[in-house]
Amino acid sequence: MQDVLGPLLNLGQTEPTVGELASRNIISCPPHTPICDVARLMQTHSVSCVLVMEEERIVGIWTESDAKVIDFQSPGIYQTPVAELMSCPVIQVNCDMMLNDAASLMLQKRIRRLLVLDKLQRPLGILTQTDIVRQQRIEFYLSLRDVGSSLNRPPLILNAALPLADGVAAMRQQGLDAAIVMFADGPAGIVSERDLIHIIADGKTGLNLGSVAAKPLLTVSKSCTLLQAVELLKKQNFRHLAVCDELEQLCGLLSFSDILLNVEHTYVEQLKQALRARDAALRTSTDYLRLAQKVIDASLDGIMITNVDGVIESVNPSFSILTGYSAEEAVGQKPDLLSSGLHDERFYQEMWETLLSQGLWQGEIWNKRKNGEIYPQWLSITAIRGEQGEICQFAGIFSDISERKRQEKQIHQLAYIDELTGLANRRLFMDRLHLGIANAHRHHHKMAVLFLDLDLFKRINDTLGHQAGDQALKEVARRLTSTVREGESVARIGGDEFTILIPEVDQARSLECLAKRLIEQFDLSFRIKGQDFFLTTSIGISLYPKDGQGSEQLIKHADLAMYQAKSAGRNQYCFYQASAGQQTADELRLEQGLRHALQNQVLKVFYQPKVELLSGRLIGLEALVRWRDAELGQVSPKDFIPLAEKLGLIGTLSEQVLQTVSQDIQKGSLPQVPVSINISALQLAAPDFSHKLLATLRQYAVSPQSIELELTESCLIPEQADATLNLLTKLRSLGFRLSIDDFGTGYSSLSYLRRLPINALKIDRSFILELPHNNEDNQITLAIIAMAKALKLEVIAEGIETPAQRAFLLQAGCHTGQGFLYSEALAPDKLNDWLPDLVNISLQKPL
């Protein structure tokens, strides 16, 4: 190798010594100095380290890196003497040491700075890795390498809400001097060791990463050259650059330390000078010949030198390590002994055209080791010219990038593939959908999106656990994939929801056939944990361009069509219909509004009086919930109460009503009469219903005698007859009044009703509405009153609006009622204003 490089080596510029580059700004402190004072010294003097001296003797050093060992959660930690946290011994070098040797020593000792002594062995200054990268003349080498080749590991990415102490611990554990901080609602920032010094100097505690992160995060592409990155660091006076891949995803964090490590210091710079130098004066410079030999032999990259015909003349030890070929086996051969066979003739033709025209080629290439293993390389080939400008040799430098490729593949998997099923995830599906729409638009053909949701999938998770649910999802993915044709894309976009992209559709009939085949895939049972489970799926279909021009619209309309299929009975498919889509969209807005209203507790409770029909005496109140939304306006209980039951939110709604009623009773805002609260079948069936009910009343010191529970007939289902009877008996014994609401609209068993410990029946308003003119309603009302008397139950009529209705009910034997004749539901502060009017209404003579 030395014989080959001899004519090419160039003395160039004299290599600087560490004494020439070392910063003279040396700051010191005694061992007993608290670290907060040491940090302030570093801030004041803009230094990255402080020497610890005792009686003019250097006993240690405290650097920015040492700040990571501090427990930022420990009280009083900032008052710790620096002697307890300093690094020692301090690595010292003489001022005449060459820069190359200093860089090697730093890497060997795994430190980032050296104390430089003058010729009298007195402290002269501090030399850092940043100084080396800033001062070394390695521009040629930096221009050959891109930023991606210097990334040694993925970046440490932390959440802005993470406590500072936890973030520092993560940096310390991974041996990093900085971490990227991600914010939920803004650009990313960075926390470095220097930021920790500022925190210690300020004496701040209890911080999270977001409060200390520096912004903005300076970002470069991994394809830009190291030279560009270094220039940017110098210009901005930064120490770190975030690196993004081709998809603009963060893939690394570049520092001066990374650059120095991958540059292989000035040795490589000398090699690059050697490969392009033409100065005949170096033929006599044996020192630089030895230096070049040392660089080549020590390089971690494989290096080979060929003559102008491409015959290998020399290789370095790393060439043999990476390829498996010894120097004896390689010399005299051509580089094609490494060829993998994966690149065609055109690839090599373009490589040589670039090399001969520009003097340089670099890129990714797949080569083969001696053992037959094919692996990826990053290869740079430089044409070496003679004194007359003619090409006389080629130098190839390459490194194994298998690990980098593996990491790139892993990042791609995480970003685009669903980890559980191996299907495309939402992001990849959206990318494919965008391409599909563009292709359909360009070629004027139709395409389709299918949205699949598994029916009642929650049963598997609830019965056998989430592991069994995951097994079922994997099998679903396998069946879907086996059903579609090549070119049709299946994706899992979350939970038990799947999508299928059909990039080209001739007619709707083909989509119907596909949907039927997909549904048939669920005819066979799923064998999970030794049990057979049957699943079905509901499928919604949207077509481009009829049902939408954009990806989000197509998915939304397919989703709406899927809900239409579920509403139609599940286990079927539906094409998107605009009218049904609008109805479903309205339901979705109502659902979102209801969830928001419950979350923010904006529902109001009003009270409708119950009166004694003959005397007009107030005997009770019924709590009725009202909802006025800023966007939806006044929403009827007929709309949101059934929706709450459907969504499983009725329990939350009723708990809020009970709390409001209890608060109003506690504050004395209501007349001292029982307040009735409606109870749904879902609430009554909950095992902790009575426990929550009593706990709320105890919280507000409200007695059960103040509360009446109104049950719908749907609560009285025969399957739970004994359990319901036991619960109601317990509640009655505790002092609660019990009534059956909306009686006559259900299918109560009279024999079962006779056994229940209830106090009253409420006649549904639908039977009162046309009294006394509707003979059928007259007879039903009379029958209910007669039955209630036979069962010794009170009767309450709902919806009384006219004096004629009141008169009929009094004559029929119903003594209690409520309705607009007396009052609508009122806010608590309006009840006292209403009470005088009640007497006037009740004094009217029955018709």
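Of the 847 residues in the chain, 51% count as buried, where buried means under 20% relative accessible area with a 1.4 Å probe, protein chains only. This is a predicted model, in which local features need pLDDT of at least 70 and side-chain atom pairs count only at pLDDT 80 or more, while totals for chains, interfaces and linings use all residues. Residues are numbered from 1 along each chain as its sequence is written, and side-chain values use heavy atoms, with hydrogens and water left out.

**Whole chain**

Colour by secondary structure: the chain has 33 helices and 33 strands. These are DSSP runs numbered from the N terminus, with helices being H or I of at least four residues and strands E of at least two. Among contacts between residues at least 6 apart in sequence, 63% join residues at least 24 apart; contact means heavy atoms within 4.5 Å.

**Thr323**

Select Thr323, which is in helix 14 (residues 317-323). Thr323 is buried, with a relative accessible area of 1%. A polar atom of its side chain lies 2.7 Å from the backbone oxygen of Phe319. Leaving out residues up to four places away in sequence, Thr323 touches Leu338, Arg369, Lys370, Tyr375 and Phe398.

**Helix 16**

Next, select residues 345-358, the 14 residues of helix 16. From first C-alpha to last, helix 16 reaches 20 Å, close to the 20 Å expected at 1.5 Å a residue. The expected span is 1.5 Å times one less than the number of residues. Gly359 follows helix 16 and has a positive phi, near 80°.

**Helix 22**

Move to residues 551-567, which form helix 22. Its 17 residues should span 24 Å at 1.5 Å a residue, and the end C-alpha atoms are 25 Å apart, which agrees. Show its buried residues: Ser551, Leu554, Ile555, His557, Ala558, Leu560, Ala561, Met562, Ala565 and Lys566. After helix 22 comes Gly569, with a positive phi near 125°.

**Helix 18 against helix 22**

To see the contact, select Phe429, Met430, Leu433, His434 and Ile437 of helix 18 with Ser551, Glu552, Leu554 and Ile555 of helix 22. By class, this contact has 6 nonpolar, 2 polar and 1 charged residues.

Definitions and conventions: Buried < 20%, exposed > 50% of the residue type's maximum accessible area, 1.4 Å probe, protein only. Polar contact = N/O pair within 3.5 Å; in protein donor to acceptor, adjacent residues only side chain to side chain. Nonpolar A, V, L, I, M, F, W, Y, C, P; charged D, E, K, R; others polar.
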